[in-house]
Structure formats: C-alpha cells, structure tokens
Amino acid sequence: LHTATHVRRGLKEFRKDNDGALSYMKSVSCSGHRPTATGMPGYKVPNDKYNWLIESTKKCFEALNPDVVNVGGALGFDFYAGTAALEMNIPIISFIPFLGQEKMWPEESQKAYHNLLSKSKEVVIVCSGGYAAWKMQRRNEAMTDAISDDGCLLACFNGDKGGTFNCVEYAKSKNKRIVRIDPTLQTIEGL
C-alpha cells in the first residue's frame, strides 16, 4: 500500500512517499475577473455564462491534472475555480489578501466565502492588517509564486487592465505557463 503525506516548504508543496522521497505537488493557481466584468456571468448564477465557465474550468483541470488548486477567495472566477475543483475532488488552498476582505460583501456572498474557506485544505493569509488595494496584488503574487514547476496560472481573462491583467503580467515575468479562459470570446488558450 502506497501512502503519502504533504510537506510545505515556503509556498511550495511536496509529496512525501513511504520511502521518504519528496516530490513537488503539481499546483495550478487561478486568477480571474469579478462577476460583473465583460463576459462574466454577473451575480445571479447559475446561468449560461456561469455554466460555460465551470465546464471550461473543469476541462482545464482534467487536462492539467493538478494535485492542488490555489484560489484567491475573491468573488467571481476565484469562487468558480474553487467550486469546480471541489466538485472534482481536487483540494484547494485559499490565498486571501487579508482577514476581513469579505466584510463589505452582501451577506449571501459572505456565506459562500466562509463555506469556500471551510472546504479549503489550507488558508494562507498573505498580509496582516485591514484593507489596502496593494494587498490584492500581493495575494496574486503569492499564488503565482506557489505554482509548481509543472503547474500553471489558469487565468479567466478578457484582456482588460486590472488585477487579473497584473497577475498575468507577473506570471509572465516569472516565466510561468499561462492557460487563458477568455469569458468574452468563450475560448481556451494555452491548454
């Protein structure tokens, strides 16, 4: 019988087998737009756009075969990717920019957020203290830095400037593989 345990060194995760050998766990980090960005499904889900994004995300996970999925815990694609991973029994690690990021969200969204965190294998709090816009980028950088050598950034990205654009640019600067789901054109690139 082969068993494995998990060991974390920094933000990289390893699998430790019976013989004590360590190997990287394949990780995919997910970044994407909020519900009301161009091409996104809005807050009233499920709907056709939401269903397409969930199915496209699952298709990517099937092809990429990650051991773990890193999500940012924000409304929109972060939730969709976390939901898709959990439905496929892939563990998630939630990277949150700071404690209390959800305090200004609608009550229903706060409940969904806490539910997602409760189902996370691990929750990484990236920054201390309360809200500051730069903390969202630090969260994206931490998730990108946690991508294994054989993993990638799965970006739900319509090309607009903003947080997802910045995350994609950071991933490029770190020579990370990028798989792009375009919610406007409904295409997948880099798979």
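Tyrosine 131 is exposed in this predicted model, with a relative accessible area of 62%. Its place in the chain is the loop between β7 (122-125) and α4 (134-145).

Let's look at the rings next. A search of the whole structure turns up five aromatic pairs. One of them joins tyrosine 50 and tyrosine 80 in an edge-to-face arrangement. Tyrosine 50 belongs to helix α1 (residues 48-64) and tyrosine 80 to helix α2 (residues 77-87), so this pair ties together parts that are 30 residues apart in sequence. Tyrosine 50 counts as buried because its relative accessibility, 15%, is under the 20% cut-off. Tyrosine 80 is buried too, at 6%.

Phenylalanine 98 and tyrosine 131 form another edge-to-face pair. Phenylalanine 98 sits in the loop between β6 and α3, so here the pair ties together parts that are 33 residues apart in sequence.

| Pair | Centre to centre | Angle between planes |
|---|---|---|
| Tyr50 and Tyr80 | 5.2 Å | 90 degrees |
| Phe98 and Tyr131 | 6.0 Å | 80 degrees |

Ring pairs also link Phe79, Trp105 and Tyr113 into a cluster.

Which residues make a nonpolar surface patch? Leu99, Val123 and Ile125 do, and the patch covers about 260 Å². Leucine 99 is found in the loop between β6 (92-96) and α3 (107-118), and leucine 99 is exposed, with a relative accessible area of 58%.

How values were computed:
Residues are numbered from 1 along each chain as its sequence is written. This is a predicted model: local features need pLDDT of at least 70, side-chain atom pairs count only at pLDDT 80 or more; totals for chains, interfaces and linings use all residues. Side-chain values use heavy atoms; hydrogens and water are left out. Patches are made of residues with over 30% relative accessible area and no salt bridge: like charges are joined within 9 Å, nonpolar side chains (Val, Leu, Ile, Met, Phe, Trp, Tyr) within 5 Å. Accessible areas come from the Shrake-Rupley method with a 1.4 Å probe; for residues, only the protein chains shown count as cover. A salt bridge is a side-chain nitrogen of Lys or Arg within 4 Å of a carboxyl oxygen of Asp or Glu. Helices (H or I, at least four residues) and strands (E, at least two) are DSSP runs, numbered from the N terminus. Buried means under 20% relative accessible area, exposed over 50%, partly exposed in between (1.4 Å probe, protein chains only). Rings of Phe, Tyr and Trp (its six-membered ring) pair if their centres lie within 6.5 Å; planes under 30 degrees apart count as stacked, over 60 as edge-to-face and the rest as tilted.
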